[in-house]
Amino acid sequence: LCFDMVRERVQAKSAGAHTGAPDRTDEPRAYGPRPRKFAIQLAAIVLTVFALAFATGILPVTDTWAQKPLKSVPRRAASGTVEFAVYPNGATPADLPFKIFAASVAEIVKGVQGERLGGMSGNLTVWTLNGELHDGDAVFAKARSHGATNVYVAPAGRPFQWPAHKLGQKIAVSGLDRTISLEALSAVPRVFLVHNFMSAEEVAAMQEFAYSSENPHRMKPSSVGKETADELREKSSTRTSENAWDVQSPMYRVMMNRSFGLLRMAHDWNTFDGIQVVRYRPGEAYIVHSDTFPVVADPSHNWDPSTGGTNRYVTIFMYMNDVAEDEGGQTVFPYARDTVQPSDDAMHSAEKTTSIRSSALTKGKDLFGDSGRWEYKLTEQCYSSYSLRPRAMSAAMFYHQHPLTGSILPEAQHGACPVLGGEKWGANMWIWNGPRYWSR
């Protein structure tokens with residue numbers, strides 16, 4: 001349409017030049033629309049095209065935090081102030097910091113509210129890089145002594161999310177019962193590799209209890225659904241592992257406490273689903289799925305965290321054993337973007353990566369026979385999309401909700417890749433942003 005309008009103007013002008021058409025000042029409409037009207041029409045068309053592109057996903061919509069210097073915050077140091085780089089909760093590489101000199105948490109909050117950064121204008125909480133809630137003068141004393149001047153701001157009531165604005169960065173997590181570090185791997189969804197999350201002795205204890213006669217929810221074929229009673233949950237042809245639940249052993253309490261400490265969330269039994277121990281033998285897998293429950297109209301529960309409801313907030317999946325790189329078992333994130341490989345995989349050459357994939361697909365064909373089966377198609381996806389391979393004693397941690405709004409993130413959908421050799425042991429832990437459906 002734009003090109004047609006331009007062509008018509010050129011043709012009209014050319015025709016006028018050969019026919020002695022009146023001067024523009026004599027007949028302003030002799031050549032079609034006025035220049036100003038033409039420009040307005042053209043601008044409207046361009047804006048419409050861009051709006052449709054954003055609406056249909058052709059062009060991505062990114063969260064805007066701070067893209068330019070701000071004028072309403074102090075730009076010069078005053079006596080007793082510290083310069084802070086302020087980021088949104090769960091910051092990604094797309095979120096540029098803004099700088100503010102402040103002498104109190106209240107001044108940081110006021111600066112964010114004044115600019116309505118991230119759409120935030122109400123009560124806010126301010127966190128350090130290590131997930132410590134700012135608590136006044138003590139924080140500023142620490143900032144002066146350690147240079148810890150990155151802070152992260154969230155709307156009051158939204159849980160803390162670890163930042164992923166420096167992909168590949170490792171963060172030592174303080175205050176836990178063992179030495180743990182986080183490695184940021186993906187911006188959307190926010191995915192972290194948790195190093196040294198558990199010990200071999202803890203793994204052995206969880207595996208033993210999964211088969212114990214003392215466990216009323218011991219190992220059986222996996223099922224799906226939100227019902228708590230095993231007999232009411234659905235058996236699935238696309239989740240072919242076995243699983244057991246642990247909601248009572250001493251290890252259950254250890255892992256729950258460690259998870260809440262890692263997430264910097266208050267310990268609350270009503271927001272923890274328990275530990276689901278899973279075992280995958282050769283050929284077993286789980287299709288790409290979401291850990292959250294559908295946001296639907298339900299008089300018994302509000303499933304939408306963006307409107308004050310609750311749903312699963314974060315998954316911590318524990319890897320209990322190593323699986324060879326060409327034997328599957330990865331956690332695949334087919335919709336992830338802005339990602340990096342874990343540090344121990346980053347040095348893989350293109351030739352090695354191709355060799356691993358070729359070997360895995362050969363094993364998949366030998367195992368599944370028909371390449372049209374969903375298990376083989378998932379294997380192909382696992383070796384072409386972003387995925388994490390199992391690393392014993394580590395965990396994958398990924399968030400399901402937007403850190404500022406609470407909206408459910410479809411990019412957090414993931415799958416358990418088919419095991420092509422040996423076996424894979426793991427355990428799911430799901431933490432909600434508020435009271436669980438079953439705790440009402």
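Thr331 is buried, with a relative accessible area of 7% (buried means under 20%, exposed over 50%, partly exposed in between, using a 1.4 Å probe and protein chains only). The model is predicted: local features need pLDDT of at least 70, side-chain atom pairs count only at pLDDT 80 or more, and totals for chains, interfaces and linings use all residues. Residues are numbered from 1 along each chain as its sequence is written, and side-chain values use heavy atoms, leaving out hydrogens and water.

**Around Thr331**

- Thr331 sits in strand β15, residues 331-333 (strands are DSSP E runs of at least two residues, helices are H or I runs of at least four, numbered from the N terminus).
- Its side chain makes a polar contact with the side chain of Tyr319, at 2.7 Å (a pair of N or O atoms within 3.5 Å; within protein, one must be able to donate a hydrogen and the other to accept it, and residues adjacent in sequence count only if both atoms are side-chain atoms).
- Beyond neighbours within four places in sequence, Thr331 is in contact with residues including Tyr386, Leu388 and His414 (contact means heavy atoms within 4.5 Å).

**The sheet**

- Four strands form an open, mixed sheet in the order β2-β1-β4-β3 (strands pair if DSSP finds at least two bridges between them).
- β2 (98-102) and β3 (124-128) are at the edges with a single partner strand each, so one side of each lacks a neighbour in the sheet.
- β1 (residues 82-88) and β4 (residues 150-155) pair in the parallel sense over four bridges.
- Val86 stands opposite Val151 in β4.
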